Amino acid sequence: MAPRQPHKTADADTLTPMPLRYGDDPLLWAAWLYYEEGLTQSDIAEKMGLSRASVNAYLADARTRGIVNIEIAPEKFRALSIAQALRDHFNLQDCLIIPTEGDERPLIARLGAAGAQVLRRFVKSGDTLAVTWGRTVLALAEALDHPGLQDVRVVQATGGTTAKIPWTPEACASRLADALKARSIPISAPAIVTSAEMRAMLMQEPVLAEQLAILAEADRIVMGISSLRPESTIHSSGFLDGGVQHAHYQDAVGSIVGRFIGARGEPVIGPMQERTIGIELEALRRIPQRIAVAGGVDKVPAILAALRGGYVNVLVTDVVTGRGILTAEGYRDTPRRSPPADPAPLTARSHVKKLINAPQDAVDEALRGALLAHEDLIAALPDSPRAIRALDGPRPGKVGLVIGGGAGHEPGFWGYVGRGLADAAAVGNLFASPPPGPILAATQAVQGGAGVLYIYGNFSGDVMNFDMAAEIANAEGIPVRSVVTTDDIASSPIESRAARRGVAGNVFIFKIAGAAADRMMPLEACEAVVRRANARTYTMGLALEPGSLLETRRPSFDLGPHDMELGVGVHGEPGVVRQKLASADESADLLLDRILTEMAPQEGDRVAVLVNSLGSTPAMELYIILRRVRQRLKARGIIVHKSLVGPYYTSLDMAGVSLSLLHLDAELATLLDAPCRSAALTLP
Amino acid sequence: MTALHPPASALASGRALGPIDGMTALDSHQIVDLFRVIARRLAEARAELGALDGAIGDADHGNSMADGFAAVVRASAEAATRGSDVGDLFVVAGRSFLNAVGATTGPLYASALLRAGQRFAGQKTLAIADLPDLLAAFAAGISDRGKARPGDKTMMDVWGPAARAAEQPGPPRDRMARALRAAEDGRDATRTMVASVGRAARLGERSLGHVDPGAASAVIVIAALQEGLAHHLAQDRP
């Protein structure tokens, strides 16, 4: 700090001349003195021979002219702006938003700590504080330690429960009372009683009447908000009386103070209404301060309903939940102030040129072309033009292999129909599962008395349509087994592998299946080896540009000029996360690192590699990626048994790649090497 | 391709109607007219539904719905001309929807229509008073096939509340109006939900703020039902 000289009058002699390094820019100098040297505005005024008001104006000017940029850490900035928007939108007294990802403590513990901080700020001597129940409320009570107040009463907002959970109303109230050194007032009755008559009788008991009277005097309430989703703890709380929920509470999206509310915050009245002992929603709204602590995206509908209903006027939640509430209300993130003028992005692709005739004819016309191009390999069934059969392959005693899915993945799926591969493929509309009709026709055409195996990617439409075809085929006496492929590791965490999509890794899985069937392995054995191949295939994709649909000829989602989308599927849909555009090697590493983490190969293990174009990424870029993948695998000591590079499984004209690795074992390697002949894959 | 037809009220009023059941029940031809209104409204919404779907799915939903109901109109018109009763008409409609589109909507709406076919099996007419049963049959068929629960951000978040709203007693016109209101509320509520089944499920929290396209098209179907029935519903009170 510069020494203060408060009584000195500024005149020419005492003025510090502006050091040369600031050029002749007094704004820059003032900003430097203020932000870097920490001088006060008065000190600067003295040094520069200006009034304090001028210095103040200089500093403001320095900010608007971009000489000074005040950076708030992005995560904190987001939390602040979301809190502000929630406050404004729902007319809240206050709002605290914490980061969703934080230290190693679980979200509930961190929400509890934040709630405790809020409560410490507001609670005063002489307060009557009502409290509900739940994990977050208990976490708040446990995080609170605020003994200095006097004459505070903590009162349960509802009756109690005997549920075997640690966060009962009784536990939450007494823990909170301890933390505040307050008097704890229970509600000496169950939250849910057996009948309305019982409730009426109980409410006349003087003890309970007195407790409820204290509850009616509450100055504040601390409450959790419960969703009614299957994973919600409300189902084990005792507040939902068995099956009652389904009959009467289907229109409820959440629960507060043991009562149920609909999407707009309106009370949902059911048979439990008259059997619940505790504060009612109308009375809740009359409590001057109503602090809700709740987070998690599954709670967005419930929290939003509570906000819309006006049951909350102080909200504590996390960034993702807060943003979810706002987006559900139609709010969009606004850029902070005016961002520095970005060089204008290259012409945005708003209209994509395509070589098609009528959009609605494109799928059939392309299919007809493919059949002509490969007329030595495949043909459509006479009565079912979307069922494509191999000319060579299906034969008596062999398991029939039927694959399929929507159009738009060319050369999927007809490209994998042929000797040593699939016997038939059913092709749907663009990115839409084929109906059961062509699947069943294909099944009947290629079955050779040994049963039929279906292989398709895990999409709800494909599952329903293939299942319906399988039901009919089974009823006709054709045994059908299905393997639903799930190789896309980006689409769901490893714990829920069965929920993952099936994408380009299908090429390997089709190949393994085709070879197994071609060797006349029985249905069960084919199914088993294909399941193993699926379990050992890992795919992850990234997009540089979205694809564009035939009708609209517009990109199917927006992707900024400097962004790429990670975890994309094969239907032009957005991916899992967006990030800054990376180089080929960085991109290859991103995909490979995720795959290797899950695959966990040992040194000396063998893999097959597929670098697949999602449509418009050229061969040159694919080979650059393959080069990096091979380099990394070599460094890991992993042997690459086979490399495929090209547009094997596309997503119309999406620009991007997917990387698939099949973790081979001896049998899978043999099956992968077996000869095959089809439009998209031929091995000698 | 899909021929566009005038609204069903105009078509229906031009047809010779029986003196008693003309206003209180629909025959097979009148049900085909209802399908025409649905098909037309879905065709108009083709692009809009596609854009909704593009945000969180693969943008095929508008086409699937429009093509599906266009096929329903063709097949059911033919069946009505052959003299199919109401039950058979719904069965034919279900099969034609399924075979026209597949996709996810195919099995779901096929199940809805087939369930309605079971409910009205053997009936020559569909009584206006039984309309709530039609919604209930649709909801049950879709729910059994798709297994979606309330709050999963699917078309069930529209069909479930709509069917329940229609079950509340009252004149058919009021019940349909309530069903449509519940349907619209359900559609808007999908904005607040995180998808947990179907293709959008892979987007997780990124699906927040988007209306589910299946929910949006379900509202169009229910609104079109009400529109197509306006003429009949207007008569339901003395």
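What follows is a look at the place where the chains meet, and then at some parts around it. How many residues does the contact take from chain A and from chain B?

A: A quick word on ground rules before the details. This is a predicted model, so local features need pLDDT of at least 70 and side-chain atom pairs count only at pLDDT 80 or more, while totals for chains, interfaces and linings use all residues. Residues are numbered from 1 along each chain as its sequence is written, chains are lettered from A and ligands numbered from 1 in the order in which they are written, and side-chain values use heavy atoms, with hydrogens and water left out.

Now the contact itself. Chain A puts in 48 residues and chain B puts in 39, where contact means heavy atoms within 4.5 Å. Together the two chains bury about 3400 Å², and 52% of that is on carbon and sulfur atoms; buried area is the accessible area (1.4 Å probe) lost when two parts are put together, summed over both. On the chain A side, the residues that lose the most area to chain B are A:R229, A:M464 and A:M468, which together make up 16% of what that side buries.

A:R229 also turns up in the charged contacts. Three salt bridges cross the interface of chain A and chain B, a salt bridge being a side-chain nitrogen of Lys or Arg within 4 Å of a carboxyl oxygen of Asp or Glu. One of them joins A:R229 to B:D152, with the closest N and O atoms 2.6 Å apart.

On the chain A side, the elements giving two or more residues to the contact with chain B are α12 (300–308), α13 (319–328), β15 (424–430), α15 (436–446), α16 and β20 (577–580). The top contributor there is α16(A), with six residues. Helices (H or I, at least four residues) and strands (E, at least two) are DSSP runs, numbered from the N terminus.

One of those elements, α13(A), is mostly covered, with nine of its 10 residues buried. Buried means under 20% relative accessible area, exposed over 50% and partly exposed in between (1.4 Å probe, protein chains only). Among the buried residues of α13(A) are A:V319, A:G324 and A:L326. At the start of this helix, a side-chain oxygen of A:D318 comes to within 3.2 Å of the backbone nitrogen of A:V320. Just past α13(A), A:G330 has a positive phi of about 90°.

Next, the rings. Over all chains, the whole structure has 13 aromatic pairs; rings of Phe, Tyr and Trp (its six-membered ring) pair if their centres lie within 6.5 Å, with planes under 30 degrees apart counted as stacked, over 60 as edge-to-face and the rest as tilted. A:Y454 and A:F466 make an edge-to-face pair, 5.4 Å centre to centre with 70° between the planes. That pair ties together distant parts of chain A: A:Y454 belongs to strand β16 (residues 452–457) and A:F466 to helix α16 (residues 460–475), 12 residues apart. Both A:Y454 and A:F466 are buried.

Chain B has an edge-to-face pair too, B:Y109 with B:W159, at 6.3 Å centre to centre and 70° between the planes. Here the link runs from helix α6 (residues 105–119), which holds B:Y109, to helix α8 (residues 156–167), which holds B:W159, 50 residues apart. B:Y109 is buried because its relative accessible area is 0%, and B:W159 counts as buried because its relative accessibility is 0%.

As for chain B overall, it has 10 helices and two strands, and 57% of its 238 residues count as buried. Among its contacts between residues at least 6 apart in sequence, 72% join residues at least 24 apart.

Back in chain A, there are charges over rings to look at. A:R135 lies over the face of A:W167, 5.8 Å from the ring centre, and the charged end of A:R497 sits over the ring of A:Y538, 5.6 Å from its centre. (The rule asks for NZ of Lys or CZ of Arg within 6 Å of the ring centre and within 35 degrees of the ring normal.)

Notes. A polar contact is a pair of N or O atoms within 3.5 Å; within protein, one must be able to donate a hydrogen and the other to accept it, and residues adjacent in sequence count only if both atoms are side-chain atoms.
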